[in-house]
Structure formats: C-alpha cells, structure tokens
Amino acid sequence: MSDQSPAERIFGFSRAVRVGDFISVAGTTAMAPDGPVGGADMAEQTREVLRRIASALERAGAGMPDVVRSRVFVTDISAWRQVGEVHREVFAAILPAATIVEVSALFDPRLLIEIEVDAIVA
C-alpha cells in the first residue's frame, strides 16, 4: 500500500505491505516538500512520523494497537528521552518490542528520526 510519496516513487517501495494478518510499515520520516514537519524538534518529528505510520496502518486495515514491534533510528542518541516520551504516549497501552539505534545520517540532513513498525491484525 503506497502513500504516493516522492520517496516511494524514486526508491521503489511501498509504505506498507500486508501479507495475511502481518503488516510491515517501511521506514517513515517527517519529510515534507519544504523540509521536515516539526523542523529541528525531535519530539515533533517523532509525533509526525507516528501519525504517518498510523495512517499507513489504517490504509492496510490495522491500527496502532496492532503494532508488535517498532524500530527507531535517530541521528542523535542523546535525544532518546524525547523520542521515548512520544513513543510511550502512543504505545503505553501496547508496549511493543522496540529498538532505538543511532545512525550517522538519514537521506536528508534535516531529518532527525526514522521509524518502521510491524503489526499483526488479531
């Protein structure tokens, strides 16, 4: 399932793929045509990324309560608490398995975070 973002067309991928009850949502950022939604604020970029993931899951027939795993990639691991607070706001009732790692860069230097998730529709 595609959200028709320019990155999907350029790179050749789908935002989400559903096989049976399993849904995998590709790495998602807060990138917009004029720069990241949320600017240079890690928490705001995280909120936007999770909003986009929720939308992708909805199009695939699922929702955030179906998430069983999240993988978080940040360009500055010292901001892990900001990311964690937003992640907790969204996933506190679910508590999916989660990973957070620091990466040297994302595809645009203004991006601070990228998240991918897996979900299983019960």
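**Basis**

This is a predicted model, in which local features need pLDDT of at least 70, side-chain atom pairs count only at pLDDT 80 or more, and totals for chains, interfaces and linings use all residues. Residues are numbered from 1 along each chain as its sequence is written, and side-chain values use heavy atoms, with hydrogens and water left out.

**The chain as a whole**

The chain holds three helices and seven strands. Helices (H or I, at least four residues) and strands (E, at least two) are DSSP runs, numbered from the N terminus. Along the sequence their order is α-β-β-β-β-α-β-α-β-β. The chain is as compact as a globular protein of its length, because its radius of gyration is 14 Å, close to the 14 Å that the globule rule gives for 122 residues. That radius is taken over C-alpha atoms, and the rule is 2.2 Å times the number of residues to the power 0.38. The C-alpha trace spans about 35 × 35 × 20 Å along its principal axes.

Of the 122 residues, 41% are buried. Buried means under 20% relative accessible area, exposed means over 50%, and partly exposed lies in between (1.4 Å probe, protein chains only). The chain exposes about 6,600 Å², and carbon and sulfur atoms supply 57% of that area. Accessible areas come from the Shrake-Rupley method with a 1.4 Å probe; for residues, only the protein chains shown count as cover.

Contact means heavy atoms within 4.5 Å. Take the contacts between residues at least 6 apart in sequence: 71% of them join residues at least 24 apart.

**Two helices that cross**

Two packed helices are described by the angle between their axes and the distance between the axes. Helix H2 covers residues 42–59, and helix H3 covers residues 80–91. Their axes come within 8 Å and cross at roughly 35°. Axes are lines fitted to C-alpha atoms, for helices over the stretch in contact, and angles run from 0 to 180 degrees between N-to-C directions. The crossing of H2 and H3 is right-handed. A crossing is right-handed if the near helix is turned clockwise from the far one by less than a right angle, and left-handed if anticlockwise.

From H2, the contact uses Met42, Ala43, Thr46, Arg47 and Leu50. From H3, it uses Gln82, Val83, Val86, His87, Glu89, Val90 and Phe91. Seven of these contact residues are nonpolar, three are polar and two are charged. Here Ala, Val, Leu, Ile, Met, Phe, Trp, Tyr, Cys and Pro count as nonpolar, Asp, Glu, Lys and Arg as charged, and the others, Gly among them, as polar.

**Single residues**

Val49 is found in helix H2. At 0% relative accessibility, Val49 counts as buried. Val49 touches Thr28, Thr29, Ala30, Ile113 and Ile115, leaving aside residues up to four places away in sequence. Arg51 is also in H2. Arg51 is partly exposed, with a relative accessible area of 47%.

Ala98 lies in strand E6. Ala98 is partly exposed, at 48% relative accessible area. Its contacts, not counting residues up to four places away in sequence, are Arg69, Ser70 and His87.

Leu95 sits in the loop between H3 and strand E6 (97–102). Its phi is near 55°, a positive value in a residue other than glycine. Leu95 counts as exposed, at 66% relative accessibility. Pro109 is in the loop between E6 and strand E7 (113–120). Pro109 counts as exposed too, at 77% relative accessibility.

The table pairs some of these residues with others along the chain.

| Residue pair | Separation in sequence | C-alpha to C-alpha distance |
|---|---|---|
| Val49 and Ala26 | 23 residues | 11 Å |
| Arg51 and Leu112 | 61 residues | 16 Å |
| Ala98 and Arg71 | 27 residues | 5.8 Å |
| Pro109 and Glu44 | 65 residues | 16 Å |
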